[in-house]
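Trainee: I would like to learn how to read the features of a model like this one. Please take them one at a time.

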Amino acid sequence: MNAPAHPDLSHLWMPFTANRQFKAQPRMLASAKGMYYTSLDGRQILDGTAGLWCVNAGHCREEIVQAIARQAAEMDYAPGFQFGHPAAFEAATAVAGFMPQGMDRVFFTNSGSESADTALKIALAYHRARGEGQRTRLIGRERGYHGVGFGGLSVGGISANRKAFSGALLPAVDHLPHTHNLEHNAFSQGQPEWGAHLADELERLVALHDASSIAAVIVEPMAGSTGVLVPPKGYLQRLREITERHGILLIFDEVITAWGRVGAATAAEAFGVTPDIITLAKGVSNAAVPAGAVAVRREIYDSVVDGVQGGIEFFHGYTYSAHPLAAVAIQATLDIYRRDRLFERAQALAPAFGQAAHSLRQARHVIDIRNIGLVAGIELAPRAGAPGARAGQVFQRCFEQGLMVRYTGDTIAVSPPLIIDEAQIGQIFETIGQVLKEID
Ligand SMILES: Cc1ncc(COP(=O)(O)O)c(C=O)c1O
C-alpha cells in the first residue's frame with residue numbers, strides 16, 4: 001500500500017505524546033464508526049479503549065450527530081453567565097437523573113480537569129459559606145489522576161505529571177497511600193480482598209492536620225489512568241465513614257468510572273457508597289463534544305447559594321459551561337444509555353470480559369491482571385532499566401495488528417465501548433496474547 005499523504009505534522013504540539021517519536025512514525029486516525037476507527041492508511045482498528053475511556057456508546061452515533069448538527073444551526077452559542085438556554089437546564093436535569101439520590105445539582109465544565117478543579121473549589125466555597133472557611137486542606141491519593149489543572153495536579157499523585165511543576169503546586173495538600181499491592185492482590189478478580197485498612201490512613205492525616213483544617217478528600221473510586229487500580233472491598237465504605245465523622249467532604253472523581261464503565265451509571269452506585277460530590281466528563285457526552293459536569297448534594301448547592309445575600313454566589317465558571325452543542329450532545333448520549341440499557345449491558349458482559357482478560361494470566365511478561373466492569377489492566381514486568389518500554393511496544397504492535405489499547409507505565413489498559421460484543425472481547429485479548437508471545 002502506498003504511504004498515505006500526511007498533513008504537515010510539525011506545527012502541532014501534541015498532548016501527553018512523545019512528539020518526535022510520533023512524528024517519525026505517526027499513528028493517524030481518519031474516521032470512526034461503532035466499535036472501529038479507520039486509520040489514515042485505510043485499516044480497521046478495533047477500539048479497545050473507547051477512545052480515551054470516553055466513547056462509551058460507540059462512535060458517531062446518529063442521534064448525537066443529528067442533535068449537534070441541529071443545535072449548531074439553531075443557536076451556535078449562548079453565554080452561560082447571566083443568560084440561560086433551555087438545553088442547559090434540560091441537560092442538568094438529565095445528568096441529575098443518573099446520580100445517586102439527592103445529588104441533583106449540576107455545574108457544567110468542558111473537561112475532567114475542569115471538573116476536578118471545580119469540585120475542589122465547590123468544597124472550599126461550601127465550608128466558607130457555612131462559617132468553616134478555615135477548612136482549606138485537600139487530601140488526594142498517591143497515583144491518583146485528576147487532570148492537569150493546578151488543583152487536580154496538586155491532589156493527584158502521578159509523579160511524572162507532577163515532577164516539572166512540583167514547586168508550584170497548591171500548598172495545603174496531603175495524600176493517602178495508593179492501594180496497589182502485588183504481594184497481596186495479584187490476579188484478583190474484581191475487587192481485591194486485601195487493603196480496606198489503607199483507608200484508615202485518613203485518620204492519621206486527620207490527627208496530623210486536625211479535621212477542622214480539612215475541606216475534602218478526592219479519590220477516583222477506581223484509579224484508571226495510573227493503570228486500573230480496583231478499590232479493595234470495604235475501602236470506599238471506610239473512606240466514607242471517616243470523612244462523614246469529621247465533616248470532610250468526599251469527592252469521587254468519576255471522569256472514567258461513570259456512565260457504565262463499572263456496570264452502573266456511577267461507581268458510587270456500583271460500589272454502594274455515596275460521596276458528596278461527583279466529577280464527570282468523557283462519557284457524559286460520549287466525547288462527541290468536549291463536556292464535563294460536577295454533581296453535588298443539594299445541601300451543598302443550597303449552602304453556597306443561600307450563603308450570599310444578593311449577587312453572584314460562586315465566582316467560578318467557563319465561557320463554554322453548558323455550551324449548546326455540549327448540552328444537546330449530553331442529552332442525546334444519556335438517552336442512548338437509557339434506551340439501549342448500556343450500563344446493564346456492561347454489567348452483563350463483565351464476567352466474560354473479566355474471564356477473557358484473566359486468560360492471559362500465563363502469558364509471557366504478565367505479573368498481574370486487574371478487572372472490574374468493562375475495564376482491565378494487564379501489568380507486565382518492566383524491562384531492566386526501561387520502565388514502560390515493554391508495554392509501549394505492546395501498544396504499538398497492537399495498533400499495527402488492528403487494535404487500540406492504552407498503556408501507562410507497564411500496564412496495558414483495556415476499556416472498550418459498552419456496545420462491544422463477545423467476539424470483539426475475544427479479539428482484544430487474543431491480539432494482546434499474540435503480541436505478548438512475539439515481543440521480548
Ligand atoms: C479521573 C480523571 N479525572 C480527570 C481527568 C482529566 O480529564 P480531561 O483530560 O478531560 O481534562 C481524567 C482523564 O483521564 C481522569 O481519568
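Trainee: How many bridges join β5 to strand β6, and in which sense do they run?

Mentor: First, the ground rules. This is a predicted model, in which local features need pLDDT of at least 70 and side-chain atom pairs count only at pLDDT 80 or more, while totals for chains, interfaces and linings use all residues. Residues are numbered from 1 along each chain as its sequence is written. Helices (H or I, at least four residues) and strands (E, at least two) are DSSP runs, numbered from the N terminus. Two strands pair if DSSP finds at least two bridges between them. Here 4 bridges join β5 to β6 (residues 173-176), and the two run parallel. Within that pairing, Arg141 stands opposite Leu176 in β6.

Trainee: Which other strand is joined to β5?

Mentor: That is β7, which runs parallel to β5 and is joined to it by 3 bridges. Ile139 stands opposite Val217 in β7. Strand β7 (residues 214-219) also pairs with β8 in the parallel sense, over 4 bridges. There, Ala216 stands opposite Leu249 in β8.

Trainee: Is β5 buried or exposed?

Mentor: A residue is buried if 20 or more other C-beta atoms lie within 10 Å of its own, exposed if 12 or fewer, and partly exposed in between, with C-beta atoms placed from the backbone. In β5 (residues 137-141), 5 of the 5 residues are buried, so the strand is largely enclosed by the rest of the structure. In a regular strand the side chains alternate between the two faces of the sheet. Arg137, Ile139 and Arg141 point one way from β5, Leu138 and Gly140 point the other way, and all are buried.

Trainee: Which residues of β8 are on each of its faces?

Mentor: Leu249, Ile251 and Asp253 are on one side, Leu250 and Phe252 are on the other, and both faces are covered. Since 5 of the 5 residues of β8 (residues 249-253) are buried, that strand too is largely enclosed by the rest of the structure.

Trainee: Where are the edges of the open sheet of 4 strands?

Mentor: Start with the strand order, which is β1-β2-β3-β13, with mixed pairing. The edges are β1 (29-33) and β13 (403-404), each with a single partner strand, so one side of each is left without a neighbour in the sheet. Strand β3 (residues 44-47) pairs with β13 in the parallel sense over 2 bridges. Leu46 stands opposite Leu403 in β13.

Trainee: What does the domain assignment give?

Mentor: Domain bounds come from an automatic or database domain assignment. For this protein, the assignment gives domain 1 (19-60 + 341-438) and domain 2 (65-339). Their centres, taken over C-alpha atoms, are separated by 26 Å.

Trainee: How many residues of each domain are in contact with the other?

Mentor: Two residues are in contact if their C-beta atoms, placed from the backbone, lie within 7 Å. By that criterion, 33 residues of domain 1 are in contact with 30 residues of domain 2. On the side of domain 1 that touches domain 2, at least two residues each come from α2 (50-53), α14 (342-358), β11 (366-372), β12 (375-380) and β15 (411-414). Helix α14 gives the most to that side, with 7 residues. For residue classes, Ala, Val, Leu, Ile, Met, Phe, Trp, Tyr, Cys and Pro count as nonpolar, Asp, Glu, Lys and Arg as charged, and the others, Gly among them, as polar.

Trainee: Which residues does Ala350 touch?

Mentor: Ala350 lies in helix α14. Not counting residues up to four places away in sequence, Ala350 touches Gly263, Gly373 and Leu374. Ala350 is partly exposed, with 18 other C-beta atoms within 10 Å.

Trainee: Which residues are the closest to the ligand?

Mentor: A residue is near a molecule if its C-beta atom, placed from the backbone, lies within 6 Å of it. The ligand is surrounded by 14 residues, and the closest are Ser111, Gly112, Ser113, Gly147 and Val255. Helix α5 (residues 112-129) gives the most to this shell, with 3 residues. By class, the shell has 5 nonpolar, 7 polar and 2 charged residues.
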